[in-house]
Amino acid sequence: MLALSLRGLTKTYQNGTQALKGIDLDVAEGDFFALLGPNGAGKTTSIGIVTSLVNKTAGSVKVFGIDADHDLEAAKSCIGLVPQEFNFNMFESPESIVANQAGFYGIPRALARERTEKYLRKLQLWDKRKVMARSLSGGMKRRLMIARALVHEPRLLILDEPTAGVDIEIRRSMWEFLREINEAGTTIILTTHYLEEAESLCRHIAIIDKGRIAMHDRMQDVLRRLHSETFVLNLRTPLSGAVPVLPVASAELADPSTLEVELTQHQDLNAVFAALTAADIHVVSMRNKVNRLEELFMRLVGQEETTGSAA
Amino acid sequence: MNLGKSRASRTFIGFLTILRREYGRIIRIWGQTLVPPAMTSTLYFIIFGGLIGQRVGAFDGIPYMEFIAPGLIMQAVITTSYGNVVSSFFGAKFGKHIEELLVSPLPPSVILLGYVGGGLIRGFLVGGLVTIVTLLFTHLHVDHPFLVLASVVLTSITFALGGFINAVFAKTFDQINWFPTFVLTPLTYFGGVFYSISVLPDWAQHLSHANPVLYMVNTFRYGFYSHSDVPVGTAFALMLATVAGLYVLAYVLLKRGTGIRD
Ligand SMILES: Nc1ncnc2c1ncn2[C@@H]1O[C@H](COP(=O)(O)OP(=O)(O)OP(=O)(O)O)[C@@H](O)[C@H]1O
Ligand SMILES: [Mg+2]
């Protein structure tokens, strides 16, 4: 079963901006899905159409097989949304914001209160339940929107940059929490600009650029498509002479004690280390130059840009 | 959803939730929502009813203080029903929390009725307060309780819908003040709150019949004293037609997402 299926989705805003130029996208039930793309690519617009915050120009939206044009209410009741921008009443308390949202989805008051407590506790906001939402910190506000999106226990959870402005510790615990929810059966679609986040959480990925899907695949296959990878090696003693010949695509010194080596898929690190050992060069630590997904993303989106401007 | 409840009962819960939230808002900011109208009407009673009214004498055999009492209650109901919906809905648009309702499975009719219900609640709370103030100054005698109630409900709904439509089109806070200042206030003042239109010259009497507030104030007053400047049956028919017309307009605007959905 598909949790979400978009066909030929287009959107032209009233000012003439063509935000979406024909989006086709399928997300399977139970998936953890990343929707990536540069600023202005059309992520929020797509999500807006799915959650009926934006009127579409053309195309169709199906949520768990329910066509939104036929039964909008049924389609909407399956979705929980964490929007990109804060959109709760700043003068209300987290407790009433979450409980009221449950009410809008038809959940009786007693159950709504129970769920409110459950999710405010899970998102570490229970102590703040009675304050004015305005006085929450940025990260707390974002967590409040997550609690609000979960209170009706949707089958499909859509998060538009949920970890923007959230500190590292809480981001980690949010990841853990989202994984838990996903394992319990909730389909999750997430947009983010932290590619590390997408790589560690998501099983499928789509990259959207200038209103079109530039790529849509399994995360593993996507990463396998990377033809080369660059590693940064930190050396124990600065190199005075030239870089020795290494079995790599390229090798250069960023500074005397930092060596950057680029390996293609067919080259391996053992050979690199063997050559370095032979030259009596000692590596104390190593890391990827950029996150692997980031590397792919830059190439894909960068490429489009150059071909786009050439046309 | 897995609650085993019918769609109708879920929708009803949603409706009650909007009402609860609107009520919460009215109570939370009572200094803005409840106190000013009670204050204004107290001043009117002291100045018009007490000081000036003694010199005016009676209108159609009703002492002036008693004559203006229903009009003052109605005036408070009109401005607060309108004011509640226009500021609450515009605030929700401006603060984006209207999106909480737009993403939910509640159909537009229920969202609309929820906001109108909020206007009705505030209209009744304020109407009740002003009535209490009234009773401190004069006594009220009710001839037709059902008429009193029906005309307040219809009036409150009419202006709640008006406030909703205003909020849909408004883009700035100025635009939610424009209509109340330049249209609503003159209409209520010329709607026979402070006088019977029989004191006006002929042409002004005719013109007054084009003012919807005249019908509302007069049916309401008729409920108390069996005295009205206009035929009560006609007035009710006009009020019902106005409510129906405004409802359809507001519904279409909300369904289309005018002013709230790009
Ligand atoms: N209300 C609007 N009116 C007109 N144009 C809009 C509106 N909202 C978005 N756009 C335009 O549509 C395009 C897509 O915007 P969208 O918000 O969907 O991008 P995004 O992928 O979510 O970007 P970001 O990563 O910055 O959040 C942009 O060119 C944007 O300027
Ligand atoms: Mg966005």
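This is a predicted model: local features need pLDDT of at least 70, side-chain atom pairs count only at pLDDT 80 or more; totals for chains, interfaces and linings use all residues.
**Conventions.** Residues count from 1 along each chain as its sequence is written, chains are lettered from A and ligands numbered from 1 in written order. Local features need pLDDT of at least 70, side-chain atom pairs count only at pLDDT 80 or more, totals for chains, interfaces and linings use all residues, and side-chain values use heavy atoms without hydrogens and water.

**Ligand 1.** I looked up its place first. Ligand 1 lies between chains A and B. I found 16 residues around ligand 1 (a heavy atom within 4 Å). The closest are A:Asn39, A:Gly40, A:Lys43, A:Thr44 and A:Thr45. Helix 1 of chain A, residues 43–50, gives the most to this shell, with three residues (helices are DSSP runs of H or I, at least four residues).

**Polar contacts.** I took N or O pairs within 3.5 Å. An oxygen atom of ligand 1 sits 2.7 Å from a side-chain N or O atom of A:Thr44. For a polar backbone atom of A:Ala41, the distance to a ligand oxygen is 3.2 Å. On chain B, a polar side-chain atom of B:Asp262 is 3.1 Å from a nitrogen atom of ligand 1.

**Nonpolar patch.** I then checked the surface of chain B. A nonpolar patch there has about 1000 Å² of accessible area together, with B:Trp30, B:Val35 and B:Phe137 among its residues. Patch residues have over 30% relative accessible area and no salt bridge, with nonpolar side chains joined within 5 Å (salt bridge: Lys or Arg side-chain nitrogen within 4 Å of an Asp or Glu carboxyl oxygen). Helix 3 of chain B gives the most, eight residues. B:Val35 belongs to helix 3.

Methods
Patches are made of residues with over 30% relative accessible area and no salt bridge: like charges are joined within 9 Å, nonpolar side chains (Val, Leu, Ile, Met, Phe, Trp, Tyr) within 5 Å. Accessible areas come from the Shrake-Rupley method with a 1.4 Å probe; for residues, only the protein chains shown count as cover. Helices (H or I, at least four residues) and strands (E, at least two) are DSSP runs, numbered from the N terminus. A polar contact is a pair of N or O atoms within 3.5 Å; within protein, one must be able to donate a hydrogen and the other to accept it, and residues adjacent in sequence count only if both atoms are side-chain atoms.
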